[in-house]
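Here are some friendly notes to read alongside the model. Please keep the sequence and the 3D view open as you go through the points.

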Amino acid sequence: MNSEPAIEVEDLVKVYGDRRVLKGISFQVWKNEVFGLLGENGAGKTTTLEIIEGLRTATSGSTRVLGMDSQNDLDRIKDRIGVQLQSSAYFEHLTLEEILDLFRSFYGKGLEPHELLSMVGMEDFRRMRVSQLSGGLKQRFSIVAALVNDPEVVFLDEPTTGLDPVARRNLWELVRSIKEQGKTVILTSHYLEEVEALCERVAIIKEGEILALDTVASLVLRQENPVRLDFLPGQELSGEVLSRLSSLGTLKESHGKAGEYVLFLKDLVALKAALRELEPLELNRIAVSTANLEDVFVRLTGSRMTGEEEGLAWRVV
Amino acid sequence: MKLIKIFIASVKMVYRDKIALFWAMAFPLMFVALFGLFSMGMTANNLGKLAYIDAAADELSAQLKQAVSDAGVFTITENYTDPDEAKKAMRNNRISFVLVVEKSQTSEGGKTVFPTITLYTDVKNQNINAAAVSFFDGLKRQFYAAAMIAQIDYVLGLDIDPQARRFYSDFRKTLQNAMQPISHQEGGKNPVTYFDMVFVGLICMGIMNYAVTGFAIHLAAMREQKILKRLLTTPLPIRRFMLGEILAYIVLAFAQLGVMLTVGVGMFGARIYAGWWFLFLLVFLGALLFLSLGFLLAAFARTANAASGMANGIAIPLMFLGGVFFPLEVLPGPFYQVVRFLPLAPMIQAMRSVCLEGDPVSAQLPRLLIMLVWLVVVAALGLAFFRFSEE
């Protein structure tokens, strides 16, 4: 991986009144990387992005983009970045083509409207207004509009929020193709599977602090109990069995599915021991997997994500 | 280059925003059409329909009828012969006056005596009744004076004492002088109708409404939808964008003026006597002033809906207190001294003075100054309070 940083954030603090929104965040985004900021609403993701983009000023700390300071060199930075804002709209009375043409005129260089629209298969919509597009196409257009100046760094703030799963996966393809063009992408999300699918590295943010920052694989493997065993017993388990299973790892009751348990285990030895315990029991379902980002997230933040990821939610027994 | 693109895009946006366009074009035009039709209904100097019932039918009553008809003050109808029937028609608003001319009781020995005339008026028409009564009053005096002159002429035709002759001819001159109508002129240089006056007010109202309401809603909507914030992420200086927008709105104000003039002057015959360049200057200055007022309102409106409410809350009082529908000077003194400093009032007053009454432009400098002060203050407040994004 290229070790040259595209974005450097150092000890970023943001205070609104007596509310500390960012409590000293530091991270770096490497060139041509897809970097994710994962956290719940209000964790400080958008504030972080907007300080880097120069839309807000930091209380203290510094941010640099492509080696230039966000405060002092903002005009030069703006030429080389593309920004998709969270739930932002575009001129409602202009066509897609006209909007792109107008935004293109703000930059010294860039791509023509038809190039951009054909890049994402939206050529047929060029005479339409944004309001005539579906939610997925709207988001797609808003990302394409961020590419109008052929930027080196692309900021995507919750690019798939509110979209259906198919539209979301379509946008993932778009994000991957942006990376393939050699651009750097920093995105925020509260969808774990999105971050898992797209990001090389992820920072987990809670209440203005970074709790963990690494590749998704390392975050999972670095866990104490990275092996996950899901099972659904046919009858109620006795207290004795439950306490023996608990002693092997971390036992939790599944939140989403009634009667189902999740057992986190250290290694294969522990897994075999657990399976022996379960052998005499009647089981309706059993699954063995590696712990995922959700598990990491819950362990770190002590809370579940907003329940939108079906089957990934559970609570501590 | 950038500015031209922004300008063209803004013009397109404004043109395609049909609701805003309605308020800019159709709304003031509705008023023009309304007042235009109203003014066409009443021809100048005509007091309405008069039922003439000639019960005398002699030489003098025929002359009287001719005189009333020549004056052109009434539209005369002779369809009625029965006074009661005519009065009933008057109550039903089919006619405005009933005039009954009868042979005088004092008539004697075949000699023609001026007939008795009775005017019946409708209590609903208080505004024109006094005018009609004084018209017939004057007419009657003229007839008596004419009759006296005829008698003097008869005497002067006789062989009389030279001293008596001098007395009679002096008396005749005095009577003739008395018969001369008083010389009457409108106060201003040009004949100005109520519609002319209202039309100028409506031009200014249209400019104000569109600039305040249209621009405030447009800006608040762009901020609400984070379009302005999105623009801040581009290298374009946001002031350049605002400049393009303001230019587009000013062009639209002139397009609006063009439509208003076409309909008001072209179709309904409103008159602009002088100072076309001054009218354009006032529209330009007014558009700038009210655009900056829209900008200031948008600074305090969180949403487009709020901006719409605030803009109407300001524009409607300004419309009434600016003297769109009546000359402000009729207001009581202290009240007038306050109201004439509001932003719309000097624009309308200056335009009426120069374009209708033909006053010199130099006399309007105080009014232009009031507008300039408003422009500077409002624009400065707008720049101080307007936020393009949340922070």
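How many helices and strands are there in chain A? There are 11 helices and 15 strands in chain A. Helices (H or I, at least four residues) and strands (E, at least two) are DSSP runs, numbered from the N terminus.

1. **Before you start.** This is a predicted model, in which local features need pLDDT of at least 70 and side-chain atom pairs count only at pLDDT 80 or more, while totals for chains, interfaces and linings use all residues. Residues are numbered from 1 along each chain as its sequence is written, and chains are lettered from A and ligands numbered from 1 in the order in which they are written.

2. **Chain A as a whole.** Taken along the principal axes, the C-alpha atoms of chain A fill a box of roughly 70 × 45 × 40 Å. Of the 317 residues in chain A, 39% are buried. A residue is called buried if 20 or more other C-beta atoms lie within 10 Å of its own, exposed if 12 or fewer, and partly exposed in between, with C-beta atoms placed from the backbone. Contacts between residues at least 6 apart in sequence can also be sorted by separation: in chain A, 71% of them join residues at least 24 apart. Here, contact means that the C-beta atoms of two residues, placed from the backbone, lie within 7 Å.

3. **A sheet in chain A.** Look for an open sheet of 4 strands in chain A, with the order 2-1-4-5 and antiparallel pairing. Its edge strands, each pairing on one side only, are strand 2 (19–30) and strand 5 (68–69) of chain A. Two strands pair if DSSP finds at least two bridges between them. Strand 4 (residues 60–65) of chain A and strand 5 of chain A pair in the antiparallel sense over 2 bridges, and Val65(A) stands opposite Met68(A) in strand 5 of chain A. Helix 1 (residues 45–52) of chain A packs on the sheet and touches strand 1 (5–16), strand 2 and strand 4 of chain A, its direction making about 120° with that of strand 1 of chain A. Such angles run from 0 to 180 degrees between N-to-C directions, with axes as lines fitted to C-alpha atoms, for helices over the stretch in contact.

4. **Two domains.** Which domains does the assignment give chain A? It gives domain 1 (5–220) and domain 2 (221–316); such bounds come from an automatic or database domain assignment. The C-alpha centres of domain 1 and domain 2 of chain A lie 35 Å apart. Each domain of chain A puts residues into the contact: 16 residues from domain 1 and 16 residues from domain 2. On the side of domain 1 of chain A that touches domain 2 of chain A, at least two residues each come from helix 7 (192–198), strand 9 (201–206), strand 10 (209–215) and helix 8 (216–221) of chain A. Helix 8 of chain A gives the largest share of that side, 5 residues. By class, that side of domain 1 of chain A has 10 nonpolar, 2 polar and 4 charged residues. Ala, Val, Leu, Ile, Met, Phe, Trp, Tyr, Cys and Pro count as nonpolar, Asp, Glu, Lys and Arg as charged, and the others, Gly among them, as polar.

5. **Two loop residues.** Phi of Asn32(A) is near 65°, a positive value in a residue other than glycine. Asn32(A) lies in the loop between strand 2 and strand 3 (34–38) of chain A. Phi of Glu207(A), also a residue other than glycine, has a positive value near 45°, and Glu207(A) sits in the loop between strand 9 and strand 10 of chain A. Is Glu207(A) buried or partly exposed? Glu207(A) is partly exposed, because 15 other C-beta atoms lie within 10 Å.

6. Strand 14 of chain A pairs with strand 11 (residues 227–233) of chain A in the antiparallel sense over 7 bridges, and Val227(A) stands opposite Thr290(A).

7. **Where the chains touch.** The contact takes 20 residues from chain A and 19 residues from chain B. Helix 2 (74–80) and helix 3 (96–104) of chain A are the elements giving two or more residues to the side of chain A that touches chain B.
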